[in-house]
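Visitor: Please take me through one part of this model in close detail. I would like to know what it packs against and what lies around it.

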Amino acid sequence: MIQEKSSSDRAADKHAQKSVVPAGFAARHIGPSEQEIAEMLSVVGAGSLDEFISSVVPESIRMKGALGLPEAMNEYEYLNHARKLSRKNKIFRSFIGMGYYNTLTPPVILRNLFENPGWYTQYTPYQAEMAQGRLESLLNFQTMVCDLTGMEIANASLLDESTAAGEAMTMLFHSREEEEKQKTKFFVSNKLFPQNIDVLTTRSAPLGIEMNVSDLHDFDFANGYFGAILQYPDGDGTAEDYTQWIEKAHKAGMKVVLVSDLLALTLLKSPGEMGAEVCVGSAQRFGVPLGYGGPHAAFFATKESYKRVMPGRIIGVSIDSHGNQAYRMALQTREQHIRRENATSNICTAQALLANIAAMYAVYHGPKGLQAIAAKVHKQAVCLSEQLEQLGFKQTNESFFDTLHIVPAKKDAQFQSKLKSASGVKEINFRYFADGSVGISLDETTAPKDLDDIVSAFAEVVGKPAAKPEHKHGSEQIAASLKRTSPYLTHPVFNAHHSETKMMRYLKSLENKDLALNTSMISLGSCTMKLNAASEMMPVSFAGFSYLHPFVPSEQAHGYHQVILELENMLCKITGFAACSLQPNSGAQGEYAGLMVIMAYHKDRGDKHRTVALIPASAHGTNPASAVFAGMKVVVVKSDANGNIDVDDLKIKAEQHKDNLACLMVTYPSTHGIYEERIKEVCDLVHKHGGLVYMDGANMNAQVGLTNPALIGADVNHINLHKTFAIPHGGGGPGMGPICVNEKLAPYLPSHPVVKCGGEKAIHAVSAAPWGSASILLISYGYLMLLGEEGSTLSTKIAILNANYMKARLEEHFSILYQGRNGRCAHEMIVDMREFKKDGIEVEDIAKRLMDYGFHAPTVSFPVAGTLMIEPTESEDKAELDRFCDALINIRREIQEIRDGKADKVDNVLKNAPHPTHEVVGDNWKHSYSREKAAYPLPWLKEHKFWVPVGRINNTHGDRNLICSCPPLEAYAES
């Protein structure tokens with residue numbers, strides 16, 4: 001019997017007749033099929049996709065013309081294109097150092113972690129029960145850092161060495177006692193790497209910190225200094241015992257930061273033993289490729305007394321609801337999303353994926369392996385030093401680890417040019433100092449032939465034959481007082497996984513504890529967890545991209561420069577702006593850079609008094625924190641009942657502060673998930689009162705191809721490449737936050753002290769490398785080259801359609817907090833869970849219960865407490881959207897059972913969620929509901945089930961009993 005089609009089916013057939021999704025990569029990236037798009041349009045009551053978008057996005061801000069992006073490539077074409085670009089980079093042997101070193105990434109880590117979507121598509125571990133694997137790995141990282149630095153507590157990574165140094169200075173500044181508030185000076189050794197000094201310069205000025213950059217041996221420990229920072233070993237390579245210097249600093253009431261090198265610390269006395277308060281640096285040489293500057297994990301270690309003011313995330317040990325050991329992010333109340341303008345840092349993300357690589361490098365090699373690598377590097381440096389001195393050169397470092405500082409025996413103005421010529425033929429790079437001297441930094445990849453070629457190049461400079469190579473390693477050149485005697489990495493985890501089999505299984509065991517995008521959708525609002533396509537990711541591992549030092553001569557980086565230029569141009573077309581800087585290496589860094597550019601513009605015009613930033617109450621916590629760090633005063637603007645900026649309140653505040661107004665910070669679509677109709681009026685009002693408009697790019701995924709910041713009226717915006725443009729979140733980093741600006745702000749884009757970039761009136765650097773985490777720019781570049789104009793715009797449309805389809809399904813069961821025109825949302829929505837408090841159910845209970853259904857919770861209690869913010873992205877198909885909606889609707893039924901008295905108010909599936917395997921299959925089941933109801937609330941879970949490894953984690957216990965390094969073996973035995 002043939003059944004007649006329903007009206008909805010006939011409508012779907014009509015929609016499907018016209019192809020919506022273009023062939024090629026777009027069809028791989030966009031989740032819904034043509035048929036599913038038609039079905040969803042029918043559900044939301046739209047006749048076509050264009051008709052639907054017109055009902056959502058205000059006509060006043062719609063783009064009229066095309067984006068002007070290149071025509072889309074298919075995946076085969078793009079990968080060939082990327083390989084050609086990689087071959088344009090010349091991979092010389094770089095002995096430049098300066099915080100960046102060649103390293104060997106163990107293949108077992110490369111394959112099973114770095115290139116594994118089970119690791120790189122995870123989100124920041126806010127839902128700790130389904131993040132136990134990466135949390136354990138990050139705890140390993142913290143333990144490794146504490147052990148090697150001799151410090152008491154470490155965080156789970158920062159963005160890079162230079163910004164970590166800036167964070168250390170800022171932390172000490174904000175930690176001054178009341179009687180020390182008059183101390184505003186900070187001593188900076190002139191032997192810091194230049195990029196560290198430059199970022200410190202950027203960070204210090206807005207806060208009123210007076211920096212003194214000079215020779216530490218000439219410093220007189222005068223009054224007025226609250227702290228100091230030294231490099232260890234220093235920028236020339238000298239390893240010096242700073243113990244006595246630090247003692248003098250302490251007597252003068254100063255706190256001391258040491259910028260150090262983890263591999264060096266396997267042989268050298270630790271900063272903690274010298275008495276330093278803080279130790280920072282880069283973990284890059286622990287297996288993380290150079291990548292033309294990043295991403296790399298910085299480390300930050302300090303004394304426990306600073307635990308409540310230290311920046312970044314801290315992983316701690318707690319217990320779950322069954323009394324078993326479990327990991328979580330500790331002390332979150334000190335982070336920017338809680339403290340806002342009172343935060344001591346604007347850090348929002350970190351470099352979790354790279355920290356995990358560094359931690360696993362230490363796990364795989366263990367203490368003996370690391371010491372052997374360090375000893376080899378050092379002895380090769382000693383051997384090279386001896387051979388160069390035999391040629392008549394002077395090596396000025398008496399005590400060193402891996403870096404030599406070379407000057408000719410006789411003054412020779414042509415020394416550097418001769419050496420560049422001789423070494424260039426051999427494809428070797430050195431560091432060339434302004435005073436005519438040369439630096440040579442060795443690393444674990446240095447081979448005997450490299451030493452021979454270096455000696456040969458120097459011999460050519462002086463016209464002598466190179467000495468017969470002696471490949472025996474030299475004796476130690478480390479002062480007795482500097483030799484390390486304290487143990488490190490004694491925990492079993494660093495001494496148990498040294499075969500590839502054991503390492504592979506350890507990595508897999510941790511991966512299995514975590515939910516990532518290769519398991520199910522992660523619908524976090526304001527986070528845009530879209531597909532990170534394999535073809536976008538693959539070029540990051542190409543040798544031509546991964547082995548390049550960030551400070552090589554520009555002619556060796558033509559491939560990267562083409563990617564950078566083309567990506568900047570595409571981002572400018574998408575935003576409607578004139579210029580772009582790719583230097584900021586996180587969203588918060590992008591905010592900071594954009595605000596610093598605004599401040600530079602005002603100061604250049606003689607308006608240095610313009611320091612007031614108007615910020616909506618709904619803004620992300622990084623906004624006010626970044627404004628304060630840029631030297632601004634925050635004034636909060638109210639939201640109205642519909643979730644929009646209260647324009648009347650804005651008018652009052654703008655008029656009140658018109659003489660001092662610097663800017664408005666605004667997110668669009670709003671943090672409430674709607675296109676505000678009066679956004680142009682808002683921007684015009686700020687401009688009328690002399691301010692500029694900074695647009696937060698968190699919700700750029702609802703703009704691309706439909707509208708843009710320039711058209712709306714903004715002057716600058718940052719873009720989260722790890723959201724809209726497909727860089728994976730990596731379990732809490734990496735990210736990238738480039739800024740695009742209009743013509744009047746272009747002259748102030750950030751510069752760099754080593755590699756020329758930025759505007760003609762540039763602010764100082766905001767990141768360690770000139771183009772931030774350059775290697776992952778390839779991912780966003782690939783995303784745009786693969787999607788092209790049509791695919792990029794369609795992605796925006798489908799992201800909005802997916803959100804509104806979910807809204808249509810969920811609003812029959814839940815209250816949707818804010819809605820825009822025609823009852824639509826943008827690309828995300830806020831579901832109000834506060835009505836269930838009367839049933840004893842908190843939003844956290846719903847979030848934890850979703851884990852039993854195999855889903856990561858949406859964003860919890862942001863921007864409104866007691867709500868869930870859902871953002872499905874364009875990459876999820878209708879079946880996955882339905883699966884999630886079915887789960888949430890079924891949870892609503894479970895709440896109704898409590899309300900109706902059919903389920904106990906205390907002993908129910910929500911209050912006890914999540915239900916780990918050992919509880920469900922254990923003999924001691926005492927709940928009033930069945931095991932099946934706990935574990936398999938919907939039929940499809942029996943075919944595909946993600947099991948959490950722990951029960952609900954006790955956050956209070958973890959903060960009251962703070963443990964931020966690997967517990968002793970007995971603790972595992974007990975649990």
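Guide: This is a predicted model. Start with the packing of helix α16. Its buried residues pack against β1 (93–94), α14 (352–390), β12 (403–407), α15 (415–425), β13 (428–429) and β15 (438–441).

Now the helix itself. α16 covers residues 448–462, 15 residues in total. From its first C-alpha to its last it reaches 22 Å, close to the 21 Å expected at 1.5 Å a residue. The buried residues are Asp450, Leu451, Asp453, Ile454, Val455, Ala457, Phe458, Ala459 and Val461. An α-helix has 3.6 residues a turn, so residues three or four places apart point the same way. Just after α16 comes Gly463, with a positive phi of about 70°.

Two of the packing partners, β12 and β15, also belong to a sheet. That sheet is open and has four strands, in the order β11-β12-β15-β14. Its pairing is antiparallel. β11 (394–395) and β14 (431–432) are the edge strands, each pairing on one side only. β14 and β15 run antiparallel and are joined by two bridges.

Finally, look at the loop between β12 and α15, where Gln414 is found. Gln414 and Gly436 are 22 residues apart along the chain. Their C-alpha atoms are separated by 8.8 Å.

Terms used
Residues numbered from 1 in each chain as written. Predicted model: local features only at pLDDT ≥ 70, side-chain atom pairs only at ≥ 80, totals over all residues. Heavy atoms only, no water. Expected span 1.5 Å × (residues − 1). Buried < 20%, exposed > 50% of the residue type's maximum accessible area, 1.4 Å probe, protein only. Contact = heavy atoms within 4.5 Å. Pairing = 2+ DSSP bridges.
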